[in-house]
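Dear colleague,

I am passing this structure on to you, together with some notes on what was found in it. Please look at the sequence and the model before you read further.

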Amino acid sequence: MLKHLKILLYPFSLLYGLVMWVRNRFYDTNVLTAVEFDLPVIAVGNLSVGGTGKTPHVEHLIRALKDNYRVATLSRGYNRRTSGYLLADAASTAAQLGDEPMQFHRKFPEIEVCVGEERMLAIPQLLGERPETEVILLDDAFQHRSVKPGMNILITDYSRRFTKDHVVPFGRLREGRKGYERANCIIVSKCPPQLSATEKAAIRQEINPLPHQQLFFTSLTYGSLYDMFSGAPVTVPADTTVLLVCGIARPEPLLQQLKESYKNVFLLPFPDHYYYSVSDMEKINRELGNLPGASKLVVTTEKDAVRLQLLEEQLRPMNLPIAVMPVEISFLFGEGESFNNYIFTYVDQFGSNHD
C-alpha cells in the first residue's frame, strides 16, 4: 500500500526536479548571476534533506582554521524566531540564532557567528561589522546559488548516498543527482569506522568523482558525557537507565552508540529542530520516572541542549539529570591531515593578515 502511494509521488518529483534543473541551468549559463567575494568562502551542504552530519563537519573546519585565521560562520538560522541578518553576541539565544549557529557560538566564542536568510546580503553586512574576517564558512548553502563559494563541500550519508536517491517527494534529494558536479570536495559521512578498502573503492566507483573533485570518508566519534548546565564531566555506570531525548533528523547512530555502553536505553524522539515546551519537560520527567532501574539519566545532543537551555528556569526545579553527548568526525584511512591541507591550500591562495 505504502509503496503504491509513494509511486504516486513520482510525477511531483519529476516536476520539482525540472524546476530545480532550470534554476541551476540559469545560474550555470549566467542568466542568473552569483556574487563572488574576495576572500575564502567555503560552503558546506548536501543534496538531501537533513541528517548527513553536516554540523560536526562544519565544526571540524572551525577547529582546523580558527587558530590561524579569523573565521566566521554564516547560516540561514533554520527555524529561528527572528528574521534578517543577526551577528551573535553574549546575549544571543537559540531562539534568535537557531540551534546550530547557537551551538557554534557557544562552543567557539572566539569566532564570529551570524545568520541571515539572504547570504548575498548578509556577507557584506558581516564584513562591514567585522572587516578583519579572513574565512567565511557557509552552513547548509549547497543550493544557495546567489553566492558563488570558492569551495563547495558536499556531504552524503553512507547509508543514504545521493547516488541511490531521488528528488523529493519521491526521495530525499533537494535537486537532481547531477548537482554533485558543483562540488569541489565530496565527503561520505557516517561510515562504519572499520570501512574496508574494498568498499571504499566500490563507493568511489559508484560516486565517480570528476577529475577536479576530492573524495573523503568520515565516521562519527562520540565524546564524553557532560552536565548540560555546569558543563562538568558526568560519570555514568553501565547499569544506568538512559532516556535519549532528541529532536534531530536521524537519532539512530547515537541510539546505537548508547546501547553499546549502557544496558537499558530508551528513545523519546521529537521533530528535528524542535523547540521544547514546559509540558514537554513534564513529559520527559514522567517518562524517566516510569523507566526501570535505580540510576537514571536523560541524555541529549548538543544541538538539543541549546534549545533545552531556553527553559533553564523551569528545568532546574525539576532536578532532571541531563547529560549532553558531544559528537565529532574522524577521517578514515588516515586522511584527516590530507583534508586539512587541502583546505589550507585553498585558503592560502588568497593570502591573509594572520601571523
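Which residues in H3 meet which residues in H5? Before the answer, please keep in mind that this is a predicted model, and that the values below were computed from it.

On the side of H3, the residues in question are Lys 54, Thr 55, Val 58, Glu 59, Ile 62 and Arg 63, and they meet Glu 100, Gln 103, Phe 104 and Lys 107 in H5. Sorted by class, this contact of H3 with H5 has 3 nonpolar, 2 polar and 5 charged residues. The axes of the two helices come within 11 Å and cross at roughly 30 degrees; because angles under 35 degrees count as roughly parallel, H3 is described as roughly parallel to H5. The crossing of H3 and H5 is right-handed.

H3 also packs with helix H12, which covers residues 336-348, at an angle of about 65 degrees and with the axes 11 Å apart, and that makes H3 roughly perpendicular to H12. Here too the crossing, that of H3 and H12, is right-handed. In this contact, His 60, Leu 61, Ala 64 and Leu 65 in H3 meet Phe 339, Asn 340, Ile 343, Phe 344 and Val 347 in H12, and the residues divide into 7 nonpolar, 2 polar and no charged.

Turning to the pockets, the largest pocket holds about 1,000 Å³ of space and is lined by 46 residues, of which Gly 51, Lys 54, Glu 100, His 273 and Lys 303 lie nearest its centre. By class, the lining of the largest pocket has 15 nonpolar, 13 polar and 18 charged residues.

The second largest pocket has a volume of about 370 Å³, and of the 20 residues that line it, Ala 34, Arg 145, Lys 148, Pro 149 and Arg 182 are the closest to its centre. Its lining has 7 nonpolar, 7 polar and 6 charged residues.

Finally, there are two points of backbone geometry to look at, and as background, most residues other than glycine have a negative phi, and most peptide bonds are trans. His 273, which was named above for the lining of the largest pocket, has a positive phi of about 60 degrees although it is not a glycine, and it lies in the loop between strand S11 (264-269) and helix H9 (278-290). The peptide bond from Val 168 to Pro 169 is cis, with omega near 5 degrees, and Pro 169 lies in the loop between strand S6 (151-157) and strand S7 (185-189).

With best regards

How values were computed: Residues are numbered from 1 along each chain as its sequence is written. This is a predicted model: local features need pLDDT of at least 70, side-chain atom pairs count only at pLDDT 80 or more; totals for chains, interfaces and linings use all residues. Side-chain values use heavy atoms; hydrogens and water are left out. On a 1 Å grid over the protein atoms alone, a cavity is a set of points where a 1.4 Å probe fits but cannot get out, and a pocket is an open set with protein on both sides within 12 Å along at least five of seven lines; lining residues have an atom within 4 Å of a point. Grid points are joined across faces, edges and corners, and a volume is the space filled by probe spheres set on the points. Ala, Val, Leu, Ile, Met, Phe, Trp, Tyr, Cys and Pro count as nonpolar, Asp, Glu, Lys and Arg as charged, and the others, Gly among them, as polar. Axes are lines fitted to C-alpha atoms, for helices over the stretch in contact, and angles run from 0 to 180 degrees between N-to-C directions. Helices (H or I, at least four residues) and strands (E, at least two) are DSSP runs, numbered from the N terminus. Angles under 35 degrees count as roughly parallel, over 145 as roughly antiparallel, 65 to 115 as roughly perpendicular and the rest as oblique. A crossing is left-handed if the near helix is turned anticlockwise from the far one by less than a right angle, and right-handed if clockwise. Contact means heavy atoms within 4.5 Å.
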